[in-house]
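Please keep the sequence and the model open while reading.

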Amino acid sequence: MGSAVQPKAFVQLTRLQKVSSLLVRAQTTKEIARIIVDEGFRAMDAISGDLILLSEDKTHYDLLAFRGYPENFLNNFPHLSLKTPLLTNEVIASKKPFFLESAKDLDNKYQHAKKYLLLSHSNAAAIFPLKIQNNVIGILQFTFKDAHEFSLENKRFMYALSDQCSNALDRALALEHVRQSKEELEVILESVADAVTVRDSEGTIMYVNDASCRLHHCSPSELIGKTHDEYKNFYGRVENEHGQLVENDELPSHKIYKGAKYAEGIFKETLKKSGHTQWVKIKSVGIYGKDKKLQFVVNVSQDITTEKQADSLKDEFISIASHELKTPITSLKAFAQVLQHKFTKEKNNEAAELLQKMNYQIDRLTTLVVDLLDITKIEGGKLALHEEPINIDTLTREFVEEMQRITTSHEILLQGHTKSIICADKERLGQVMTNLLTNAVKYSPESKKVIVRLKKDAQNIVISVQDFGIGIPKDKQNHIFKRFYRETGFKENTFPGLGLGLYITSEIIKRQKGKIWVESKKGKGSTFSFSLPICDDH
């Protein structure tokens with residue numbers, strides 16, 4: 001007995017299963033097209049077949065795979081477009097398959113279709129649209145030698161094959177788009193001067209550009225795959241601007257993992273491998289998926305060693321100049337006071353008044369020199385702080401009363417209380433309060449009131465100083481605590497100062513584990529606030 005002939009439906013089902021297994025391993029659109037055309041060609045007993053994709057601009061076709069076509073047909077193919085009256089264009093427009101059982105059934109308008117069938121020695125055709133989310137991306141078609149009556153099982157096979165093809169092409173096109181985007185991004189990243197590293201959601205380094213390798217004095221293989229702890233052990237010592245050792249959770253990238261959208265910082269790095277020391281500015285940003293979960297953290301590091309060295313020379317000059325100025329200013333102040341006392345005693349009021357004005361200007365110059373000296377101490381990490389337990393309510397009231405005695409233009413109101421003890425440097429805290437109150441009075445010349453508020457939360461006291469003056473524009477508020485920064489608007493130019501006070505104030509607060517911020521609206525006034533931790537023992 002001979003072996004039984006397998007029914008065609010069974011053969012086609014087996015073919016579809018084979019196609020599924022082959023498509024799993026296919027990575028590109030051309031691989032997928034070749035599998036689909038080859039397997040469909042055999043299963044359908046066709047004499048030719050092809051798979052074409054629409055171009056991105058949807059103006060012409062791209063032939064991905066074919067079987068059974070003579071060379072003269074392929075020479076004509078590039079000239080075909082979506083404007084040519086072809087059966088494929090009808091299928092694209094309708095988004096429905098077309099079964100041509102005999103070339104005799106074609107209308108005269110389809111001369112190109114008749115030519116196509118003639119060149120491929122065909123008399124029948126099956127044309128299927130390939131769709132992704134109901135958008136036609138291409139065409140799968142087979143032709144047959146003789147007039148062909150398409151059975152239900154043949155049609156079902158073609159439907160299943162085109163569905164398999166569409167799903168596989170959807171995946172491959174997405175992968176090709178990602179691959180192309182990745183390649184374009186890598187070209188951009190390799191061309192930038194700054195060091196770029198990318199970490200995954202667990203903190204493992206996935207990518208480094210050439211600039212990152214140069215900055216770290218290593219190869220990509222020495223960085224890629226390292227976790228935060230492994231990276232730190234490999235890297236060496238990291239310090240902040242004040243010479244303090246930086247822990248992992250203080251780095252900008254760690255702040256992103258803790259929920260921040262953006263973070264940056266300036267650090268001094270000592271490379272373990274080479275012993276090289278450098279200053280870097282690191283900026284970190286998170287990249288999130290559609291589910292709003294963190295996927296990647298991108299770090300951009302800029303070598304600012306040269307700028308830091310220039311700043312160091314500048315700070316050294318400021319320090320020397322300030323110290324040299326301090327002694328003659330002190331002497332000048334003493335001489336002016338002696339002369340003022342002498343002229344007052346002699347009732348030479350005009351000369352005494354001039355010397356009083358001279359004393360005022362000497363006091364301003366003294367304040368400037370003290371601020372410059374503070375800056376050099378801050379930049380050198382030598383700003384001494386002598387912390388002690390302080391009743392913040394009592395101290396704030398003393399500062400307000402003292403400021404009120406020398407201020408006749410404004411009423412300074414104190415509101416609220418904390419009943420709390422903080423651990424802070426009393427003298428430096430006085431410097432902070434004096435600066436904020438002086439600014440509040442100076443920058444609200446048309447107002448008559450300044451409000452100081454005291455409050456607390458579970459762990460901190462908060463002091464706010466509100467004025468009703470010129471205010472600060474929103475886009476300037478992030479710069480207000482930078483050294484030498486001054487607002488440059490018309491009204492602001494009428495106020496003296498070098499932009500040192502708020503920088504010194506913010507550094508004093510930060511060094512006592514506090515925070516400082518401003519809320520302001522142009523023309524409506526400003527509220528400067530700072531917080532300091534409450535003593536655990538009190």
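Histidine 217 lies in the loop that connects α7 (210-216) with α8 (220-223), where helices (H or I, at least four residues) and strands (E, at least two) are DSSP runs numbered from the N terminus. This is a predicted model, in which local features need pLDDT of at least 70 and side-chain atom pairs count only at pLDDT 80 or more, while totals for chains, interfaces and linings use all residues. Residues are numbered from 1 along each chain as its sequence is written, and side-chain values use heavy atoms, with hydrogens and water left out.

**Positive phi in loops**
- Although histidine 217 is not a glycine, its phi is positive, at about 55°.
- Histidine 217 counts as partly exposed because its relative accessibility is 36% (buried means under 20% relative accessible area, exposed over 50%, partly exposed in between, with a 1.4 Å probe and protein chains only).
- Lysine 513, in the loop between α15 (501-510) and β17 (515-521), is likewise not a glycine and has a positive phi of about 60°.
- With 72% relative accessibility, lysine 513 counts as exposed.

**Surroundings of valine 452**
- Leaving aside neighbours within four places in sequence, valine 452 is in contact (heavy atoms within 4.5 Å) with residues including Thr396, Ile412, Met433, Leu437 and Ile463.
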